[in-house]
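Thanks for making time this morning.

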Amino acid sequence: MELPAEEREAPSTTWSDAHTRASLQVLAEGAAALGGFGEAAIRVRRGNGLEVVATAGPGTAEMIGTSLPVEVLDAELANADHWGVLRFVPHERVGPEVLEYSHLSATEVRDVPDAWHPIDLLMAPLLDDEGVIRGLLTVDSPVDGCRPGPIQRAALISYAGVARTQVLLALEREELQARVRLSIETRAIVRQALGEDSLDKVVEASRIAIADCFNAAGMWLSAFDSRGGASTVWWSHVGYDLPMFAELDELAVRLAHLYWKDQRVAHLSRQHVLHPGLMAEDATLALDFLESVQITSALFVPLGTGTECLGYLVLARLSDTTPWTEMEHDAALDIGHDLGRAIANARQLEQERALVDRLRELDRYRTDLMNTVAHELRNPLASVSGHLELIEEEEELSGDVRRSVEAAIRGAGRLEGVIEGLLATAHASDPDATFDPVPVDLRSVVAAVVDECAHAADARSITITISTAASAGAFVVPGLPDELHRVLANLLSNAVKYSHDGASVSVLLAQGEDEVVFTVVDQGLGISDEDQLHLFKEFFRSNNPEALTRPGSGLGLVIVDRIVRRHGGRLDVESSLGHGTSVTARLPSAH
């Protein structure tokens, strides 16, 4: 007797390997032919059932995929006669439960001794090395209509050994394929999750893959933060609302650390023996909670990296009929390691983001402070300068007093320059400052700046030359005209200021494929390698005594660098002490 098609259960796994299917089919056909039977079937263990995977005999193909519960088979084996590795249950001892999963063959009972009855059951359990049933070989409808004699039994016993070997090899091959599949899916989960910068995004990137990989109806993931708190995210295939986890927080955290230390996962269900680390009252609490949210089976997976436990993952199933396999346990623990790294990365990125936000706040505070100080100084300085100019106009001033007033006016002018530098630095550093670029032709800006610096250059017999590529058209960049003017003015005035009398300064303009490059070259004092490390620090002045004799606030290059970067460009400085300096700015071209 065999299982009818109408009683079949959907198989948990199908044989996708053509070679395996063919070998099992040959096995079933060989058992029938060599044993002298009209029908034969090969079953393999699928969870708590034995599924038909190959048959031989007319009308038996419809049995493929039907399943016999292991506990029903065990009851029959307890009543069976032992014929070596064969088990025979005569029809008068066949239990009623197995009949619910069986169909009768068309064999007619012969009127002879040892006649075969359609309900007779002859089978060979296929055991692994630990004695666990992994498959079953059954035969039915003997050709001669009689129960097998010693010669037939010997042939079937020999063939049962071959069937055992083939079934175990097939299961090993299937398990290997499943491991490869889980490995591929696990790597896909890791690729999706490792680059995310928050817990929500980690779950969003990996939730469907994890649930599908483990045939889970839902999952929740809780990540521990560095302050001892936890952040929990829930996702369900069937749209359940987020369960309330407060009553389980302390237990879940304790179990996560325990299981991470032991490097194991835990299966939680009424039918499963729980991990020894879970006390009876804790087990009751956990299972009552799971059942309250309609979850009958769950896999508790610790998450972490190195020795640090970073959270836990719970995979939920709505039914306990599909067991969690050892292979799934191993794959889940691997994912615990991979998601632990993802959580660690997300935590680090969140910390870095918080640090960046804090630095931005400090930078904004510094900008506001510079603006405030500059504005507070500007008004009284304007008053001081105005009164000094009135005093200077008095004709009755003595020579010493007039020289003092003129020195004070010069000092006020330098202080006014520092204030303007502070305001310009604050504006160039302000991340909230508006930036609405317009096309700016740098040739016209260079011409205007050269005119402004001509007087200071002529006073010291310094020659300023402008050089542009002969084939270049307009040197247009998107930007703010006033800021770009300030960049060129600062660079050219610095070149004049730090050049020797009678030297030359060159301004070079060039058009690249996607950028405009302008360079200011002087033959002046130059900058030491040590000083070049600090050029873009606010208020930095060179340690070169000769350079310190030239007036300056230490803000010029800072302003230039920040304006250039705000325009999407880059500033490069090449210099050697005593041999001049070359400063190059590269700005994106409007073309």
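Predicted model: local features only at pLDDT ≥ 70, side-chain atom pairs only at ≥ 80, totals over all residues.

Is E393 buried or exposed? E393 counts as exposed, because its relative accessibility is 60%, where exposed means over 50% relative accessible area, buried under 20% and partly exposed in between, with a 1.4 Å probe and protein chains only. Residues are numbered from 1 along each chain as its sequence is written, and side-chain values use heavy atoms, with hydrogens and water left out.

E393 sits in the loop between α8 (326-392) and α9 (399-429).

Turning to salt bridges, meaning a side-chain nitrogen of Lys or Arg within 4 Å of a carboxyl oxygen of Asp or Glu, the whole structure contains 17. One of them joins R566 and E483, at 2.5 Å from N to O; since R566 belongs to helix α14 (residues 556-566) and E483 to helix α11 (residues 481-497), the pair ties together parts that are 83 residues apart in sequence. R566 is buried at 17% relative accessible area, and E483 is buried as well, at 8%.

A further salt bridge links D129 with R164 at 2.9 Å, where D129 is exposed at 69% and R164 partly exposed at 27%. Finally, E515, R570, D572 and R586 are connected in a network of salt bridges.

Conventions. Helix = DSSP H or I, 4+ residues; strand = E, 2+ residues; numbered from the N terminus.
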